[in-house]
Amino acid sequence: APGSNGEKHFEDVAIKSFPTLQSGISMASNWIVGQTQTFTLNCPIPSYTRKKEEIAFVGFIQDDGNQRVAQAVRVQKSVLSNDAIALSAKVAATCSSTISPIISVYNNGLNAITALTITPYIDGAIAPTTSWNGNIAPATSATVSLNTISSPTNTGAHTFSYNISAMNGTDGNMTNNSTKVSYLVASDFQGSPVSEDFALTNFPPVKWAAVNSNSGPSWTRVTNAGGYNLSTQSTRYDFFNNKVIGDMDELFITPMNLSGTAAPVLSFDYAYAQRDANSNDKLEVMVSNNCGSSWTNVYSSSGYTLATALPMPMAYLPDVNDISQWQTVTINLTGYNSPSVLVKFVVTNDNGNNLYIDNVNLNQTQPVGLIKETKLSNQVSIFPNPTSGNATLRVFSLSSGKSKLILINTMGQIVSSKTIDLFSGNNNILIDTKEFSNGIYSVVLETATETVVKKISISK
């Protein structure tokens, strides 16, 4: 039975059969050698059919008495003469009241496509159409730039969709003639820090935008994994079920006003496993201070370098008993003290395994730029965690020397900073939490050669 072997994710396991033919059609009762009988079948195509070009008739001769099947045959699938597919759409983030969408159309038929009418919709409201003429050969795609369209101006995610009609000839399958995509409108640039733990049910969060150009597997909020196992909420990107190699999706953070004097700092927790050693899913962080006209890559990691856990063939879920499967990345955004800054996570799919992101913080109150390091991270632990009193930071160090111990709250504020001595071998360092409020804190250990970030939960 489905799920009995541990499988929990199903994609196109079975497509329904035509229910109107199950009773069968009687054959002649007596036969001579070489005799034939012709059956003419006319069947309405069910509404749940997604790909008409995959429909095929299957026939078999069955004995009514013992149910034995004597012969069976399947006819060849019939390719459609005319079939345009709305493949994808791309709408750039905008700070104005207009957008200029670019769509992609695939010719799934036998005949060339020479004319189309594209009807766009913004948040479900119809917009002026675009008439297109050209030539799209069978089994190829083409991009079409639509006329400029008016857009809502309130900050946050909005939806662009479109429908293809008036194709030269009659389109044999109208069920694949539309698709949609979200895009970000940035008109209100937030001055207060971003502190997003995905605890609220709405996704994407208010003033965020998740962009999925082809309506395939993408960003979702999940309730079975959280940063350092201190919560059960995070956002997941579904590399595991995304079969489109090279597919790029985006997750935009709230548009930010970072015009203060302190260097802006972005931090986030993440967990990721490869499907196998060759998986090369990629995560990047891009920043723009000109409303998306150009972007700067401030973080990039992929494959083995990105992984925080060992490869696994099943869909990855962080181990609740192993907080080392979570890592923290902190990026100093020097030079982005601007009143209008856009930040986005960009993933590139290689059909590897799931990526989880949690505790996204963007602020200007943290003066240190911490870079993810992993050499020491598996040799640093905190216990008890969560704690209702003091906690101990246990560090195994290969050498002696001065280090810095920093505690940062979820707003990015440094609540404690002190210099400590590390000695070669095991070190137990007391973390006094009696003056701290309940919540999740980043414990940052800076040595002469690396920086390690761990999480601690204080619950008194």
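A salt bridge is defined here as a side-chain nitrogen of Lys or Arg lying within 4 Å of a carboxyl oxygen of Asp or Glu. The structure is a predicted model, in which local features need a pLDDT of at least 70 and side-chain atom pairs count only at pLDDT 80 or more, while totals for chains, interfaces and linings use all residues. Residues are numbered from 1 along each chain as its sequence is written, and side-chain values use heavy atoms, with hydrogens and water left out.

The pLDDT, which is the predictor's confidence in each residue on a scale from 0 to 100, averages 86 over the protein, and 91% of the residues score at least 70. Over residues 366-375, however, pLDDT stays under 50.

By the rule given above, five salt bridges are counted. One of them joins Lys-455 to Asp-269, with the closest N and O atoms 3.5 Å apart. Lys-455 belongs to strand E30 (residues 451-458) and Asp-269 to strand E18, so that the pair ties together parts 186 residues apart in sequence; strands (E, at least two residues) are DSSP runs numbered from the N terminus. Both partners are buried, a term that means under 20% relative accessible area, whereas exposed means over 50% and partly exposed in between (1.4 Å probe, protein chains only): the relative accessible area is 7% for Lys-455 and 1% for Asp-269. A salt bridge is also formed by Asp-188 and Lys-207, whose closest N and O atoms are 2.5 Å apart. Here Asp-188 is partly exposed at 35%, and Lys-207 is likewise partly exposed at 24%. In the pair of Lys-434 and Asp-432, with an N to O distance of 2.4 Å, Lys-434 is exposed at 59%, while Asp-432 is partly exposed at 34%.

Beyond four places in sequence, Phe-345 is in contact (heavy atoms within 4.5 Å) with residues including Trp-219, Phe-268 and Val-360.

Elsewhere, strand E3 (residues 84-90) is mostly covered, five of its seven residues being buried. E3 pairs with strand E5 (residues 102-107) in the antiparallel sense over six bridges, where pairing requires that DSSP find at least two bridges between the strands.

Conventions: Helices (H or I, at least four residues) and strands (E, at least two) are DSSP runs, numbered from the N terminus.
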